Amino acid sequence: MRKLKWGVIGAGGIADRRTLPGMMLAENAELVAVMEIDSERSEALREKYNAKAAYTDYNELLANDEIEAVYIASPVVCHKEQAIAAARAGKHILLEKPAAVTIEDGQAILNAANEAGVLIASGFMMRYHGYHQKIREMIANGDIGEVVSARAQLTCWYPEIEGAWRQDKAKSGGGALMDMGVHCIDLIEYILGHKAVEVCGFNDTRTFSYNVDDSSNILIKLDNGVCAYVDSHFNIPDEAAFCRMEFYGTKGSILAEGTIGQVEGGTVKAVITSENGYDAQQNREANGAFTVEAALGNMYRKEIESFGNSVLNGAELTVPLSDAIHVQKVALAAYKSSEEKKFEKVD
């Protein structure tokens with residue numbers, strides 16, 4: 001099998017924890033080089049993943065002619081410069097979310113990729129979760145009827161950490177909403193097949209002292225009229241976070257618990273009923289409840305294999321960067337809504 005040859009810019013952090021292990025499992029991927037600004041760290045990662053080369057300068061990695069695609073997992077503030085350079089070097093790009101600090105910078109990255117004729121996708125890996133794919137299929141099939149409401153949540157405990165770029169707005173573009181809430185927004189839009197057109201946000205820093213939100217609650221209206229609620233927090237202990245996703249329709253509901261996260265797991269339950277008659281007693285016995293089954297694996301492996309399939313075989317991108325730019329517009333509109341205390345349209 002032909003393998004896509006990869007370089008990784010920003011090989012520590014999420015790359016080391018999740019994406020590189022997933023890449024090692026991918027049948028159509030070969031890791032050529034890693035890059036981290038610390039030379040010892042870069043060399044340690046090269047040895048850990050048996051790469052051919054280790055760099056401390058991303059330009060040196062991009063100059064390696066063997067590399068065909070790059071995965072960029074550096075701090076968000078670095079994305080514009082690195083992704084545009086990668087495009088101009090003729091490398092296909094898998095770019096972690098959010099695309100950039102600003103929408104303008106994200107669009108500049110997309111324009112550069114289009115001009116260079118390279119593919120560029122975003123790192124919304126949760127689209128590949130087996131349960132999320134199954135929920136999308138069930139809703140598309142009309143199993144729960146016309147969807148009328150949705151909700152998703154992703155939280156963690158993230159106290160002040162010296163030097164943490166996610167806690168600095170200038171480097172990250174935002175806090176809990178921009179780092180985690182965007183996954184929820186993306187999943188709701190992807191599963192339902194509809195885009196946000198209006199948003200109302202309540203974002204605040206309630207627990208910690210950094211200059212990004214540790215608490216975010218937003219209400220979204222989609223282009224089909226469905227209202228969706230997303231909450232994301234940096235101030236809820238991990239063991240207390242259920243990370244639920246819910247969809248309610250005219251014929252039933254779907255409740256996922258523990259599926260939104262970095263590990264492909266959790267549970268999904270559904271209720272589908274054929275009896276929609278009015279019941280003055282409001283009997284809520286879920287006689288039609290059942291556990292949903294789906295094949296599970298490794299989201300990061302699927303992400304790498306999917307992107308490789310697009311580059312090598314011309315398959316459609318599962319997560320085009322344009323989708324990530326739209327999700328970022330939703331998040332930024334929610335921030336503006338919170339500041340100005342009014343509903344905001346999403347362009």
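Here are some notes on helix packing and strand pairing in this predicted model.

1. Ground rules. Residue numbers start from 1 along each chain as its sequence is written, and side-chain values use heavy atoms, with hydrogens and water left out. As this is a predicted model, local features need pLDDT of at least 70 and side-chain atom pairs count only at pLDDT 80 or more, while totals for chains, interfaces and linings use all residues.

2. α1 against α2. Helix α1 (residues 13-25) and helix α2 (residues 39-49) have axes that come within 11 Å and cross at roughly 35°. Helices (H or I, at least four residues) and strands (E, at least two) are DSSP runs, numbered from the N terminus; axes are lines fitted to C-alpha atoms, for helices over the stretch in contact, with angles from 0 to 180 degrees between N-to-C directions. The crossing is right-handed (the near helix is turned clockwise from the far one by less than a right angle). On the α1 side you'll find Asp 16, Leu 20, Pro 21 and Met 24, which meet Arg 41, Leu 45, Lys 48 and Tyr 49 of α2 (contact means heavy atoms within 4.5 Å). By class, that is five nonpolar, no polar and three charged residues. Here Ala, Val, Leu, Ile, Met, Phe, Trp, Tyr, Cys and Pro count as nonpolar, Asp, Glu, Lys and Arg as charged, and the others, Gly among them, as polar.

3. α1 against α9. α1 also packs on helix α9 (residues 299-313), at about 60° with the axes 7 Å apart, and this crossing is right-handed too. The α1 residues involved include Ile 14, Arg 18 and Met 23, and those in α9 include Tyr 300, Glu 303 and Ile 304. The contact has five nonpolar, two polar and four charged residues.

4. The six-stranded sheet. This open, parallel sheet runs β3-β2-β1-β4-β5-β6, where strands pair if DSSP finds at least two bridges between them. β3 (53-55) and β6 (120-122) each have a single partner strand, so one side of each has no neighbour in the sheet. The twist averages 25° from one strand to the next. Inside the sheet, β1 (residues 4-9) and β4 (residues 69-72) share four bridges, with Val 8 partnered by Tyr 71.

5. Around β10. β7 (residues 147-155) pairs with β10 in parallel over seven bridges, and Gln 153 sits opposite Asp 231. β9 (residues 215-222) is antiparallel to β10, joined by seven bridges, with Ser 216 opposite Ser 232. In the β9-β10 hairpin, which has four residues between the strands, Gly 225 takes a positive phi near 95°.
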